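Me: I'd like to go through this model feature by feature. Can you show me how to read each one?

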Amino acid sequence: IALARDLEALMRTREHFAKTAADGAREPAAPPGLGTAIAELRARLDPALLAWLESWPETKKRYQQSALKYRVRDRELSQDLKYRTLSGLDLPIVALPPYESWGELARYYYAENLPGSFPYAASVFPFRKPDEDPTRMFAGEGGPERTNARFHYLTGGRAADAGGEGLDSAPPPAARLSTAFDSVTLYGEDPDVRPDIYGKVGNAGVSVPALDDAKRLYSGFDLTSPATSVSMTINGPAPVVLAFFFNAAVDQQVERHLRAIGELEAAQEKIAAFYRERGLPAPAYRRELPRGHNGFGLALLGASGDRLVEREVYERIRTETLQKVRGTVQADILKEDQAQNTCIFSTAFALRMMGDMQEYFVAKRIRNFYSVSISGYHIAEAGANPITQLAFTLANGFTYVEYYLKRGLKIDDFAPNLSFFFSNGLDAEYAVIGRVARRIWAIAMQRLYGGDERSQKLKYHIQTSGRSLHAREIDFNDIRTTLQALYALYDNCNSLHTNAYDEAITTPTEESVRRAMAIQLIINRELGMNKNHNPAQGAYIIEELTALVEEAVLAEFDRLTERGGVPGAMETMYQRGKIQEESLDYEHKKHTGELPIVGVNTFLSRTESEQPEVELMRSTEAEKEQQIESVRQMQSAYAPEADAALARLKQTALRGENIFSELMETVKTASLGQISRALYAVGGSYRRSM
């Protein structure tokens, strides 16, 4: 910054003498050595900064146009640069700093820069997508059909493009599906009638114990469409559930292929005959199709596509499909140990499977799907303050980077497959959580790991704080959620879930989730300030907060380093202890009223009214029994094949080969619980450090 300031001063001096000489003035000539001094400073200055400074006047002109063309990966896009208000004013889509001094501009270049430019403080993209809201609403309850119906409701009753069958001619809307799994699935078990901690089918999540359940869950959505993106909040058994999802996507395209060549009915009869021979009913979608569902993805229930087409055709379809699917699987085992507790395999074995997943992604060139969502949300929900959430989450991310590098993977091959997930509360720090995360990650990826531009871009999903929702005065919860959504959208999150006001009591109803979605849509489509794509840049308090939070995060990194890094700190339960202390502090201040919460400990209602009646969303006993029966029938139908597949899976693990590659085959004939037990036998089950 100082070099840029000095260079500009010398260049202005030279310009002054050149101008006076041209005007014929009798002033002293330029000092000797001025040209040499300028050349030396130019040589010492960061070449990228120098080029940026010299091109800044032209950059400003480009952003003052009515539209701007730019590139994202291999696509050229165009963006309107002005928004005409009802009052007739032209609001800039991207606001530029008014600086003229090279010193001020250099500071802006290193600390902020334009959206889409290193260090990505404002955003990893130059502009927001004009045709896609960042809305990604969480859903899951009971069997897959119930949740599939909710997905179609959340996307407006129109599935993303599934080849035109049963759809209108309008372009498909963006379908961002976020999946909540029930506790039985989260712990890698099959639904059963056992009276243990798992029960039958858990509430507040969807039951997905087999491949057919994944097919039903995402049916009606083309999983290879660029308009479809699927997020899965699953950790312990994440490799298995991801294999379910990938196979469901592949079988959709096998279905499309069979329909195109006129052999779909013959394939369906082959499946039906397979089940008749075993005295079992063929699997089906077990309720009426929801509005907007065109039946796509259901034709091959009961069998995997490789049984119905030639091997060469199947492999081609699989390769093409895996390179198109979009979404993310959480699969973050470090934060599970630190905060959430759904660990099922030994930590070392879980990390190995994460590494195998990443190797598979690299080998198959899966570049549109994130292999892990490094999650701070659950750290925050367990009680951590925003700085601790951010520090622990980024530290976990760097730990995964180091682990993958030790596996021999290249940074530019795997880093773009990593994503992040944060909570957004009401604390001031949450206003800058994204910009601090992006800046720290970009600088580390560039300067420490030598990653390319894609590796430097931290992309994150954010969810409004579940912990900030209260059962008292539940109508006030929407107000809190709205403010948290503003923080997230002004900070240019890549996707957002807004909690429903009744989540302190139940899984959201259709009415409450509609209101939650409306919060985002009103901000995105009606709020004038949000038409600007970098509203947080340039505010003094934002700059101050950014510096303070970044400094606090780096200080926490030092504390983790002193304890042997993230794994060393976990051995002494440092992260868990710190989270618990911060949780206790929050609860104490809430109890005493030192932390005011309107309607809970202050501004209380004058009358002690009854708790308002809230519709409880629960899966029925019939649905639970249906899931139990379904997985038993699947296990019975494929018993011999499953035994052989599970034996191959164990041998693959024992030989040190890629487990995820084998899981892609195992899930075609074995259930989640069967696979978990096979992996326990070779990798061990989780035991917490004490």
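Me: How many of the 8 residues of α25 are buried?

Reply: A quick note before the count: this is a predicted model, where local features need pLDDT of at least 70, side-chain atom pairs count only at pLDDT 80 or more, and totals for chains, interfaces and linings use all residues. Residues are numbered from 1 along each chain as its sequence is written, and side-chain values use heavy atoms, with hydrogens and water left out. Buried means under 20% relative accessible area, exposed over 50%, and partly exposed in between (1.4 Å probe, protein chains only). Helices (H or I, at least four residues) and strands (E, at least two) are DSSP runs, numbered from the N terminus. In α25, 6 of the 8 residues are buried, so the helix is largely enclosed by the rest of the structure. Those are Ile 659, Phe 660, Glu 662, Leu 663, Met 664 and Thr 666.

Me: What do the buried residues of α25 pack against?

Reply: Contact here means heavy atoms within 4.5 Å. The buried residues of α25 pack against α8 (238–260), α10 (311–322), α12 (347–363), α24 and α26 (672–683).

Me: How do the axes of α24 and α25 cross?

Reply: Two packed helices are described by the angle between their axes and the distance between the axes. Axes are lines fitted to C-alpha atoms, for helices over the stretch in contact, and angles run from 0 to 180 degrees between N-to-C directions. The axes of α24 (residues 639–654) and α25 (residues 659–666) come within 9 Å, crossing at roughly 180°. That makes α24 roughly antiparallel to α25 (the label applies to angles over 145 degrees). On the α24 side, the contact is made by Ala 645, Leu 646, Arg 648, Leu 649, Thr 652 and Ala 653, and on the α25 side by Ile 659, Glu 662, Leu 663 and Thr 666.

Me: Which residue caps the N-terminal end of α25?

Reply: Asn 658 does, with a side-chain oxygen 3.0 Å from the backbone nitrogen of Phe 660.

Me: How many disulfides does the structure hold?

Reply: A disulfide is a covalent bond between the sulfur atoms of two cysteines. With the cut-off at cysteine sulfur atoms within 2.5 Å, the structure holds 0 disulfides. Cys 343 counts as buried at 9% relative accessibility, and Cys 493 does too at 10%.

Me: Is Asn 492 buried or exposed?

Reply: Asn 492 is buried, with a relative accessible area of 6%. Its phi is near 60°, a positive value in a residue other than glycine, and Asn 492 lies in the loop between α18 (477–490) and β13 (495–497).

How values were computed:
Parallel < 35°, antiparallel > 145°, perpendicular 65-115°, else oblique. Polar contact = N/O pair within 3.5 Å; in protein donor to acceptor, adjacent residues only side chain to side chain.
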